[in-house]
Amino acid sequence: MMQRELSDAELLALDLDLFSTDCERPELCEGDAGHTSNRSTESCCTGQGTAEVTCSANEQSSNQQNVSEQESDPLCEGSSTKRRKWDARIPLERFGRKYLSVTDLSRQAWCEQQVVYGMELPHIQQLRDEVPVVKAGSCLHLARGELVRELPVFGELEGIFVVGVVDELCYNSKGELELRELKTRGQRTYPSAAQKRSHHLQVSIYKLLFEAMIKGQLNKDTITHHLHLRTEQPLGSEILVHAQKVGFTINTFGDLLDLMLLNLTYADIPSVDTMKIEYCYQADASVIGTEVVSFEEEWVKSELKHYSSFWKGQREATGVDIEEAWKCRSCDFADICEWRQSKAEEATQKNRANQCK
Ligand code: SF4
């Protein structure tokens with residue numbers, strides 16, 4: 001089933017900016033053939049300490065843009081709360097996001113406040129990306145990438161467009177469709193329960209997205225609406241030649257989307273039966289162990305509802321609970337985190353009150 005000539009992976013490999021309806025960048029609307037892609041490939045650490053590295057793709061280019069904008073923005077010099085008060089836009093708009101990546105959502109399961117700081121102050125998190133252990137993890141993941149099929153999955157969840165890349169999708173020895181995710185770790189140990197929870201959410205979202213795609217629940221309007229794409233935009237000659245070679249007559253980006261969606265719906269692809277996460281030790285690529293994840297639809301949907309409500313501006317970002325304050329020890333933003341400070345003050349006041357009793 002994965003042998004389609006025009007795959008969704010190929011579609012995402014297109015420079016979507018060329019089909020964008022956004023005119024803030026006039027060169028795109030003029031169809032400048034010399035335009036260089038502004039879409040970046042995400043190579044991210046999870047923000048869960050340097051023990052673990054997760055790779056994914058299709059992170060928003062706007063993140064990169066925001067780095068330079070924010071570094072020179074005087075508002076960024078104030079506290080996070082002050083910045084938010086200045087800016088009445090919902091977080092998705094404030095961070096210039098047309099879509100979220102699955103890793104954005106799984107990171108939220110670790111600490112939402114950390115995700116926000118990562119976007120508001122990306123130059124701090126970029127320092128972490130330079131840490132050798134993180135680089136080593138990324139390299140290992142890429143090396144494994146040659147052996148696996150990195151399948152893009154995308155669609156609308158809770159009114160937000162979400163994009164992810166499944167490490168591997170294949171049939172296992174029982175003939176079941178198996179979704180596999182690789183996680184590299186700096187220590188030869190299993191992750192904590194909190195890390196596992198975030199990983200479970202990640203693969204479960206992949207399954208949701210994938211199944212909506214193959215069941216025909218994803219439609220062209222959803223894609224073009226969220227990504228601000230122009231369906232009437234003519235395709236480049238390379239794509240036209242490729243399409244003709246494999247027997248398709250398409251002219252516009254909209255034709256290509258129609259073809260992709262039809263292909264997905266009628267390819268008779270089964271649902272994912274099993275989800276597995278393989279943990280590898282990054283120093284020697286040995287397997288630490290494999291975790292079978294059971295799909296708990298109600299849990300995934302309620303998590304998605306909760307996390308998306310932040311992006312839609314329905315609530316403020318929250319940091320970790322006091323029981324999980326240990327997460328702050330490995331956090332890049334611990335020194336400036338207002339959430340952490342407020343929790344520490346709360347705890348001090350509680351202690352004082354208890355002493356006075
Ligand atoms: S210091 Fe703690 S609460 Fe604050 S962003 Fe980091 S992990 Fe989250």
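A residue is taken to be near a molecule or strand if one of its heavy atoms lies within 4 Å of it. On this basis, the residues around the ligand in the predicted model are Cys-111, Gln-113, Gln-114, Tyr-117, Gly-319, Val-320, Cys-328, Cys-331, Ala-334, Cys-337, Trp-339 and Arg-340. The model is a prediction in which local features need pLDDT of at least 70 and side-chain atom pairs count only at pLDDT 80 or more, while totals for chains, interfaces and linings use all residues. Residues are numbered from 1 along each chain as its sequence is written, and side-chain values use heavy atoms, with hydrogens and water left out.

The shell around the ligand divides into 8 nonpolar, 3 polar and 1 charged residues, where Ala, Val, Leu, Ile, Met, Phe, Trp, Tyr, Cys and Pro count as nonpolar, Asp, Glu, Lys and Arg as charged, and the others, Gly among them, as polar. At least two residues of this shell come from each of α7 (112-120) and α15 (338-356), and α7 gives the most, with 3 residues. Helices (H or I, at least four residues) and strands (E, at least two) are DSSP runs, numbered from the N terminus. Helix α7 is mostly covered, as 9 of its 9 residues are buried, with buried meaning under 20% relative accessible area, exposed over 50% and partly exposed in between (1.4 Å probe, protein chains only). Among these buried residues of α7 are Gln-113, Gln-114 and Tyr-117, which also belong to the residues around the ligand.

For the chain as a whole, the secondary structure comes to 15 helices and 9 strands, and 50% of the 357 residues count as buried. Of the contacts (heavy atoms within 4.5 Å) between residues at least 6 apart in sequence, 71% join residues at least 24 apart.

Two packed helices are described by the angle between their axes and the distance between the axes. Here the axes are lines fitted to C-alpha atoms, for helices over the stretch in contact, and angles run from 0 to 180 degrees between N-to-C directions. Helix α6 (residues 102-110) and helix α10 (residues 193-214) pack at an angle of about 150°, with their axes 8 Å apart, and are therefore roughly antiparallel to each other; angles under 35 degrees count as roughly parallel, over 145 as roughly antiparallel, 65 to 115 as roughly perpendicular and the rest as oblique. By class, the contact of α6 with α10 has 9 nonpolar, 5 polar and 1 charged residues.

Leu-209 lies in helix α10 and, at 1% relative accessibility, counts as buried. Leaving aside residues up to four places away in sequence, Leu-209 touches Val-102, Val-153, Phe-154, Gly-155, Leu-157 and Val-162.

With residues up to four places away in sequence not counted, Glu-303 touches Arg-197 and Leu-201.
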